[in-house]
Structures are given as C-alpha cells and as structure tokens.
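Subject: Structure handover and notes

Dear colleague,

I am passing on the structure we spoke about, together with my notes on it. Please look through it first and then read on.

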Amino acid sequence: MAFDPRHLKVFANFCAAAADAMAFTLMRTAHSAFVKETEDFSCQVVSREGLAFANPRSFGAPWYSGIDYGPLLACFETYRDGDICITNDVYEGHVATHTPDIHIWKPVFHAGRLACFVVGHIHNTDVGGAVPASLSRSLTEIEQEGLRIPPVKLVENGQLNTFVLAAIRSNVRAPDQNIGDIQAQIASVNVGERKMAEIVGRFGFEGFMAGVDAILDYADRQARAIIRRIPDGDYFFADYADEDSVGGQPCRVALTLSVRGDEVVLDYTGSDPQLGSSLNMPTGDRERHPLVMVGLTYVLWTLDNSLLLNAGTLRPARAILPEGSVVNCQKPAAVGMRSLTCAMTQIVTVGAFAQALPDLIPTASPGGNAIMNIKTQGRAGRPVMASIGPVGGGGGATPFADGSDGAGGATGFLRNTPIEISEAEVPIRFLRYGLEPDTGAPGRYRGGLSAVMEFEVAAPETVVTARNRNRSVMGSWGLRGGSPGRISLFLRNPGRADAVSLGNTDLVACAPGDVIRVVGPGAGGWGAPFRRPPEEVLTDVVRGAVSRESARSDYGVVIADRAVDVAATTAIRSSRVAPPEEAVVFSPERIAFETIWTRERYDLLTAFLARQPVTWRFFLKHRVFAAVAASSQASPVSDQMRAIFADLTQRYGLSA
C-alpha cells in the first residue's frame, strides 16, 4: 500500500491516538502521585525491530519519543500472543536508565503474525535500596539503588508471574503503591494492544507494515530538511553540574556538535570520566540513545514544530560516547541521578546550537529540577512514601519572548502535584508553593521565574529527599547580553536560629516542626536588560515577578506609584555604558573556575584519564584537581599538567 501525505497523516493520527489511549489509561489508573499527577511515564508503539513510531501527543515524558527497544526485544527468542515482559535493569539492553524506571512491553499479533509492540515505563517513587526513594548522589554502585528485575515475562501463556510481584513487594517501601502502578501499566499495554490490533485490521497487515516504514521515513526527511538550514561547522560547548560527588568537584559535560549537510554528530569527548557517585548515564555505547539525543530532539522541534517525533527523527544524527565516561558508564556504576547529567547534555546541545543559530535558540534552562520525596509516617504509625512534586526553574528566555514561569526547559513536561493531594496523602503542611520573585534572569527577554516550595513536617523520623539538586554554585548562562540565572536554594528552618543551608544535599532527616524551603534555579536572560521596554518592567513589578529594587538595579527602570518615572529612568540608563552583547554570558563562579580550568587544561586531563583503567579515573581526576590547586601557575599549562600526570603515574604504577 502506497501512502500519499494525506493518507500518511491519517495513519499517523490513528497510531498516535492508540498511544494517547495508553497514556490516558495509565494516568487514570496509577496509584502513585508521581505517575497520575506529575506524569513521569512514557508510552510508545514500536516496530517489530523496536523503533518507536507513535507517542502520546500531550502526556508523559517526551525524552523517549525516539526510543529503540530493540536490545530489550532481543532478550527473548519468541513471543506469543498475550505475553507481557518487564525489566528495570539498566545494564540489560540499556533501555531502562535507572532502577525506579520499570519498562514493560507486549507484542501485537494479527492473524498469527507479529505486527508491532506496545511499550512504556513509569518512574516508581521507591524500589528499595539504601535510601528512601532509592536515589541519592551519595550512592556509588548499582546494587545500592534498589531491586533490579532482569528481563522476564510478567505474563506468559495467560498466566501472571506472581514471583515477580512477590519479589517487588518484598523489596520496596510502599508495596501496594508499586503493585498498583504495575497493574496500571498492564492495563495500559492491554489497551494499546487492542487499539493497535484494530488499526492493523483496518489497514491490513501489509498496509500497516508499509505505514510504519513510511512514518519513520517521513520523520527522517523532516529532520534532514531542518538540519540543512543550519550552517555547516563544528560548535563546542561545555557546562557543569555543581558536584561530581558529595562535596566533590564540578562535573563537566562537553560537546562538539558537527553539522555537515543534513547530518549531525554529537561528540561528547571531553566529558568527565565515570564517577564514583550516581550521576553516571548508562547509554551502553548506543549512538542514538535517548538520554544523549533529547537536546537534539528539543532543538529540531523548536525549529519546526510540525516535526513528527519518533525514531526516524534521530536517523540523521549519531553520538560519540567515550567508553567509561560520565555519559557512557560501565557496570557496576551507580546511575540513579542520571537525569541531572542528562539535563546537562540537553543544555550543552542547546548551547552548541545557539552558536550556530544565535537568533533562534533560547538560553539555558536551569538544569536542576529538584524532585521532592518524603518518607514519613501517618496516624497510628502508617508508613508513607510519596512524591510531592518537582521544584525547578522557569524556561530560558528566547530571542522573541520571556521564558515560561515555574516549569520550563529540559523538564518542563513534569506537572506539579496539587498541594491538596499531597496534604491528603502526606502528614505535612504547606506554607508556600508558587513563584519566587526576582529569580528570572534579567534581559531584553527575561528568564522564567523559579518555583518555590515550603512545608512543615508533622511526624518524627521523617526523611526528605530532593534528587537532582543543582545550580547552587554555578548559575545557568544567558545569551546576547542577557544575565545568567540565579542559583538555587535549599534551606531547613529558614529565618530561625537553627537555620541550615543544605546546598546540594539530597537526603535530609527531619523532626516535627522542621520547615523545608526549596527554590529552583533561575533560567538565563536573552539580550541586554536595558533594552527591555520600561513598560514591560513595570508590568513585571505590578504582577510581583520583579521587585522595585531589581527593576532599578538590573533594568535601570525607576517605578514610583505604580508608574514609570521617565526622567529618573532616562537618567540611569543614559549614565551607564552598555556592556558588549556577548554571545554567551556565564556566571561569575563559572568564569572563576574556568580561569584555572581552561579548555586546554581540561583537554589534557581528559586525554590522560582516557589512558587509565576505568576504575581509576574518578580517583585520579580528584588527585589532579588537588595537585593543580596546590601548585604554582607560573609554568605553561602543558608542562604543569605533564608533571602532575608523571607524578601520579609513577606513584600508582599506571600508564603514562
């Protein structure tokens, strides 16, 4: 069957509607707030080879729109009608990306012939392990991060594998919640199977198979047409997570984007080595792994939002992922916080494209969306394990408009959990939940405002986890003279004598009466702040987004009696020399760091570490940092670094 554009659109809509039905079913039947409210889940329809060709159009996590389930599908030689398979093991197939993400898949047959698979994942609030909610940057090996389920048939010959469910129930902190969510997943793929069987019947088996190929080919052509609009060249960009471990050094993610015609290469050479913490990304050396391709998907869709999002979108691209690095770790590395590093891969991708297309690409998203979880106890000692939602920054400013407030950028798809639901399920009392003034970075277009959450604990032996805490040291960057973003805050008992600033801590023990306040990091601004029209600054002040003090100091706009003081504003703006509109504006903390850790120095470090055994690299990185901090800066960088490397290799008997 041949598909012209009109019939292909009809076919694609049929398949997307099936994915929508899966997502609706999952969202409406799930037990945990993190699935039914925050929507951290995915549903796809994939080809017999495992390539995603249909996704929900407005639900769930878009990171997996181009996912390839092929390595998981290959774990079984045969599939029978009614089989449902399950896994969360990140090192089996490299589809699951940390232990809380449980993936399931089910074959769809037509007259005894395999037509496709319906698949999906959810993020479980807890899968056991060393800490509540299973994830902390302090963990160092995958075994600490909770129960791992190898690829296994959950349903076979119509029989539910009760051993799998019993193993889950015995190893997690909220078993009824976990089992309820898995039952919702089963319902989701059952609905997907029924819908897809109807579609195969409508188009016929051969016509359906032709339609799948046509959808993937069409997305490929669309993506190549967008890439051809980008100037050929090599574009380098790097950024840093605050810590590579608890109290550690910055974690660098580096990217060289190469554009040639209608193809792109994302080369992550120069990124940090595999870490002794849980920020590692388990990509399995797969050159189109979704974790390293999300930023590209976002950029392509930004340039043309008619783009179909599926595995065909990624055909014109490939990634180079150095083995044993933070973007391609080896077992048994911990990976629970891979979403923080994944956010950095998205940010460096946007930064690289911003150099190629400076008037089209927005500024950095914050890159530090704290996912708040609580382990506590209710009345009569009832155990409670719940997510109360994400607390992040707004979207980065664009060349045309302010960034979105409260939820933007890399994780803008995560919905908030209404506080009424959280207070009904968890013994806490919310004191504040909203937008924090003055957190959107100044610019001609302002960065989006950050979210703020403040709550009081009501029960003893409460543990608050805040995974993905970041940007408490180096703020996000601005573009074309826009200011960098504000840093994030994490406080216990703010304003009291026992107040504590928690930095990037992600595990906090609390007692009744303790108050936790979290403020997300700010997003960068675009364009010089003094170019923002005074009337827009006045609107910001009136609506509470910008304080009068910030209006004067950052924008040069004086507000008096809910009106712009034109004379005073003109005097301030005319008295200041406009700074150069630099392509990228970094935070002072990053500038200070890169004064020492230049690109040349980091390239030498990366090359040295790549020659060493994987298990030594993280240790040696910290030894090199300590040596650089202790040594004189008088000698040339290359001589200094070679001397440090020679000393370390001799001391530990390693390769030069």
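Below are notes on the sheets, the cores, the cysteines and the salt bridges.

This is a predicted model, in which local features need pLDDT of at least 70 and side-chain atom pairs count only at pLDDT 80 or more, whereas totals for chains, interfaces and linings use all residues. Residues are numbered from 1 along each chain as its sequence is written, and side-chain values use heavy atoms, with hydrogens and water left out.

Sheets

Helices (H or I, at least four residues) and strands (E, at least two) are DSSP runs numbered from the N terminus, and two strands pair if DSSP finds at least two bridges between them.

Strand 4 (residues 101-110) is joined by 10 bridges to strand 5 (residues 113-123), and the two run antiparallel. Within this pair, valine 108 stands opposite cysteine 116, and lysine 106 stands opposite valine 118. The hairpin that strands 4 and 5 form has 2 residues between the strands, and alanine 111 there takes a positive phi near 50°. Strand 4 is also joined to strand 3, by 3 bridges and again antiparallel, with cysteine 85 opposite tryptophan 105 of strand 4. Using the cut-offs for burial (buried is under 20% relative accessible area, exposed over 50%, partly exposed in between, with a 1.4 Å probe and protein chains only), 9 of the 10 residues of strand 4 are buried, so this strand is largely enclosed by the rest of the structure.

Contact here means heavy atoms within 4.5 Å, while axes are lines fitted to C-alpha atoms, for helices over the stretch in contact, with angles running from 0 to 180 degrees between N-to-C directions.

A second open sheet has 4 strands in the order 8-9-10-11, with mixed pairing. Strand 8 (233-241) and strand 11 (317-320) stand at its edges, each with a single partner strand, so one side of each is left without a neighbour in the sheet. Neighbouring strands of this sheet are turned by 20° against each other on average, direction ignored. Strand 10 (residues 263-267) and strand 11 run parallel and are joined by 4 bridges; in strand 11, alanine 317 is the bridge partner of valine 264.

Cores and cysteines

A nonpolar core is a set of buried Ala, Val, Leu, Ile, Met, Phe, Trp, Tyr and Cys residues joined through side-chain atoms within 4.5 Å. The largest has 75 residues, and those with the most contacts inside it are Tyr69, Trp105, Leu266, Tyr268 and Leu296. Helix 8 (residues 338-356) gives the most to this core, with 10 residues. Another core, of 52 residues, lies apart from it and includes Phe11, Cys116, Ile168 and Ala184.

Cysteine 116 is buried, with a relative accessible area of 0%. Its sulfur is 7.7 Å from the closest cysteine sulfur, that of cysteine 15, which is too far for a bond. A search of the whole structure finds 0 disulfides (pairs of cysteine sulfur atoms within 2.5 Å).

Salt bridges

The structure holds 46 salt bridges, each being a side-chain nitrogen of Lys or Arg within 4 Å of a carboxyl oxygen of Asp or Glu. One of them joins lysine 36 to glutamate 425, with the closest N and O atoms 3.8 Å apart. This pair links distant parts of the chain, 389 residues apart, with lysine 36 in helix 2 (residues 33-36) and glutamate 425 in helix 9 (residues 419-425). Lysine 36 is partly exposed at 27% relative accessibility, and glutamate 425 is partly exposed at 29%.

Arginine 517 and glutamate 454 also meet in a salt bridge (2.6 Å, N to O). Here arginine 517 in strand 21 (residues 515-519) and glutamate 454 in strand 15 (residues 450-457) are 63 residues apart. Arginine 517 counts as partly exposed, at 26%, whereas glutamate 454 is buried, at 11%.

With best regards
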